[in-house]
2 protein chains.
Amino acid sequence: MRKGLVLVVSAPSGAGKTTLCRRLLSLDSEISFSVSYTTRSPRPNERNGVDYFFVDKETFKKMINEGAFLEWAEVHGNFYGTSLEQVKEAISSGKDVLLDIDVQGAFQVREKLGREAVLVFILPPSFEELEKRLKKRGTEDPKELELRLSVAKEEIAKAQAFDYLIVNDVLEEALDRLYSILKAERQRTFRRSDLIMRFF
Amino acid sequence: MRKGLVLVVSAPSGAGKTTLCRRLLSLDSEISFSVSYTTRSPRPNERNGVDYFFVDKETFKKMINEGAFLEWAEVHGNFYGTSLEQVKEAISSGKDVLLDIDVQGAFQVREKLGREAVLVFILPPSFEELEKRLKKRGTEDPKELELRLSVAKEEIAKAQAFDYLIVNDVLEEALDRLYSILKAERQRTFRRSDLIMRFF
């Protein structure tokens, strides 16, 4: 049996990462999101253990200290983290895990999992297009827009450390590339020594 | 513009490599075979510079000494080789090159091109299936069959040094995996620094 892999997808806000990830999950049954831990309050329709594991800050910080997270981040005062144990269990049983996380989180995963993780960075076609998409999403305030674009630029500079780059210009093409990366990485020799061993 | 890559496909005889390579070429317009050099005589329908470059042994050996070949081999007393210059020109101009060569040739390419080459090994589903396919192709002599199977075993042992493994059980699935590898490798960050540079 092959070992699973962790597919990490990062992108600047507005590059279309979330749509790509959702579409990928609908195409393939062997990959799924892991359920994250968070300290934010559940919304009315959210269920503990399904959408998130909802924990208090004290618990979350204890988990950080115990090294329980593959990656974690603080966003607007709330903590979000991916359970290392949960991910390790999934890949040991031959399941792939999709992580839709930011650049810093991606680097935490690379550090912890090495080549068991595959890092993909989604690029917008251009800054002009990114600006257009952010405006369309309702980022009206010029200062806010300026900030988002400058953060995007910083993130794109770090894309050099990712394994793969995909420009999200035409969605179907970007999706085909992302799915190709997943399918190709499943055939990597170091993940598939089982295929050779059968002959000896 | 992205730089091209060299896709090397190797397999034991009977694994279905030739069919896979032909089908891949028909799917994608950015990859093509390079025209090899050979010392064997042209067949009636073969044209110099199209099917092969036909040269005499003296010329071929001179080319070996000059380091003109990316890889070369002697098969049944005839020499076959891939021009290093031709391949380098192709990849510099953003074209991908497909090489359908044996394990030794694949290792020569890896040595000369490093990660510009992508090494894929095609495996038969099992030894039993390989035996069946070889018999179907007319390998009737038990000694000849024995020899082919033992060569196959040696080659499969070397597959560990390839980048990717594909089992050719269902042809369409194997083809999809091979094409995915090509599409994924085109998105590798080290080949696509052009995509990041546009933002700076």
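## Exercises on a two-chain interface

Between them, chain A and chain B bury about 3000 Å², of which 62% lies on carbon and sulfur atoms; buried area is the accessible area (1.4 Å probe) that two parts lose on being put together, summed over both. This is a predicted model, in which local features need pLDDT of at least 70 and side-chain atom pairs count only at pLDDT 80 or more, while totals for chains, interfaces and linings use all residues. Residues are numbered from 1 along each chain as its sequence is written, chains are lettered from A in the order in which they are written, and side-chain values use heavy atoms, with hydrogens and water left out.

**Exercise 1.** Describe the interface of chain A and chain B by its contacts and salt bridges.

*Solution.* Step 1: count the contacts (heavy atoms within 4.5 Å). In chain A, 34 residues touch 34 residues of chain B. Step 2: find the residues of chain A that lose the most area to chain B. These are L165(A), Q187(A) and F199(A), together 23% of what that side buries. Step 3: apply the salt-bridge rule, a side-chain nitrogen of Lys or Arg within 4 Å of a carboxyl oxygen of Asp or Glu. The rule finds four salt bridges across the interface. One of them joins D176(A) to K183(B), with the closest N and O atoms 2.9 Å apart.

**Exercise 2.** Work out how the buried residues of α6(B) are arranged, and what covers them.

*Solution.* Step 1: sort residues by relative accessible area (buried under 20%, exposed over 50%, partly exposed in between; 1.4 Å probe, protein chains only). L145(B), L149(B), A152(B), E155(B) and I156(B) are buried. Step 2: look down the axis of α6(B). The buried residues fall within an arc of 120°, taken from the directions from the helix axis to the C-beta atoms, so they line one face of the helix. K143(B), E146(B) and L147(B), on the other side, are exposed. Step 3: list the cover. It includes α8 (193-197) of chain A, along with α4 (103-113), β8 (117-123) and α5 (127-136) of chain B; helices (H or I, at least four residues) and strands (E, at least two) are DSSP runs, numbered from the N terminus.
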